[in-house]
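Please look through the model below before reading my points, and keep it open beside them as you go.

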Amino acid sequence: MKIALGVTLMLAAAAAIPSQTPAPTPKLHASAIQIDLVEVGDVSIPAEFRYAIYERLIEQVRESRKFEKVFRSGDKAAKNVPDLVTLHTSVEAFTEGSQMKRELVPVAMGSTKVDVTTQVTDKDGKKLLDQKVAGKVRIFGENLGATNDLAKRITKLLVASF
Amino acid sequence: MKLTVLLSILMGAGVALAQQPDQPPNVRHVIGLETIKRNANGHLTIQNGIMQFTAKKLEAKVPASSIEDVFVGTEMTQSGGTAGRVVKTAAMAAPFGSGKALTLLMRTKVDILTVVYRGADGGVHGVIFSLPKGLAETTRTQLVAAGAHMSAPQTELKERTK
């Protein structure tokens with residue numbers, strides 16, 4: 001009797017759990033986004049990587065057509081957009097590999113990797129999104145290819161969130 | 001015998017691509033100029049206070065006075081451009097991984113020039129060029145002489161990639 005009661009209670013609890021799963025996060029809305037320059041802090045990363053990430057982000061986010069306007073860092077026109085959001089990217093770690101090693105010993109050696117923290121804030125500075133993203137190049141291509149991979153991943157994140 | 005012939009042809013092609021005859025230096029636009037395609041080859045000139053990149057019929061002009069920073073770096077990359085990539089891809093079909101020999105042969109050191117400027121709307125742009133070795137320093141000197149600004153002097157070329 002006690003066992004039957006126990007099993008019933010456990011089944012009831014299990015049935016109740018799915019109904020408690022939180023509702024999916026509502027999508028964010030903004031007509032325009034401003035892409036800030038990539039912050040590098042104390043991380044040693046060549047200038048070309050910093051600016052390649054920035055340029056590829058602008059390119060990829062524009063191509064995604066998720067926002068009516070994509071502003072560069074410093075663009076004066078961005079101030080007039082009431083629902084503007086800003087994308088901040090900070091480099092957390094950088095490992096520069098070697099294209100030659102990658103081609104000789106693919107995947108195992110020579111990978112280039114960039115780890116960043118991506119944040120989206122509204123006009124008041126309120127954080128709307130905060131995620132860690134990594135960009136890699138592990139087999140073919142130049143080291144700068146990691147910036148392309150990173151920009152694609154960040155854009156995918158933005159498309160999923162807006 | 002066949003393997004030896006194939007290897008000789010592939011190595012010959014690699015060496016030929018690596019040692020291009022005397023031509024006006026080709027500059028590759030990696031990213032950053034909105035009117036020019038990525039990885040387009042062309043010529044970079046600095047005249048009358050204007051940095052101009054011309055690729056086929058397209059051109060992009062940046063006033064030197066709007067340049068806020070110029071960075072120079074070097075990188076080891078694959079030589080031969082698109083043709084080199086095709087030869088290397090074909091070589092992968094060679095038996096016993098012998099095509100990987102091309103990876104070692106088809107290496108070239110290039111200079112990377114990063115030019116940061118502000119557009120008329122205030123937006124920051126980062127343009128990255130890949131130049132033949134030794135040209136980036138000269139180009140930077142020319143840009144500074146033409147009116148470009150630099151936030152911090154770079155004393156030496158930093159070689160990073162093995």
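The points that follow concern a predicted model, and they go from the sheet to the helices.

1. In chain A, 5 strands make up an open sheet whose order is 2-1-3-4-5, and the pairing within this sheet is mixed. Strand 2 (69-72) and strand 5 (127-137) of chain A are the edge strands, since each of them pairs on one side only. On average, and with direction ignored, neighbouring strands of this sheet are turned by 25 degrees against each other.

2. Helix 2 of chain A lies across strand 1 (32-35), strand 2, strand 3 (84-95) and strand 4 of chain A, and runs at about 170 degrees to strand 1 of chain A. Helix 4 of chain A lies across strand 4 and strand 5 of chain A, and runs at about 150 degrees to strand 5 of chain A.

3. How do these two helices meet? The axes of helix 2 (residues 47-64) and helix 4 (residues 145-161) of chain A come within 8 Å and cross at roughly 40 degrees, and the two helices are therefore oblique to each other. Their crossing is right-handed. Among the residues in this contact are A:Phe49, A:Ile53 and A:Leu57 from helix 2 of chain A, and A:Leu150, A:Ile154 and A:Leu158 from helix 4 of chain A. The residues of the contact divide into 10 nonpolar, 5 polar and 2 charged.

Definitions and conventions. Residues numbered from 1 in each chain as written. Chains lettered and ligands numbered in written order. Predicted model: local features only at pLDDT ≥ 70, side-chain atom pairs only at ≥ 80, totals over all residues. Axes fitted to C-alpha atoms, helices over the stretch in contact; angles between N-to-C directions. Helix = DSSP H or I, 4+ residues; strand = E, 2+ residues; numbered from the N terminus. Parallel < 35°, antiparallel > 145°, perpendicular 65-115°, else oblique. Left-handed = near helix turned anticlockwise from the far one by under 90°. Contact = placed C-beta atoms within 7 Å. Nonpolar A, V, L, I, M, F, W, Y, C, P; charged D, E, K, R; others polar. Pairing = 2+ DSSP bridges.
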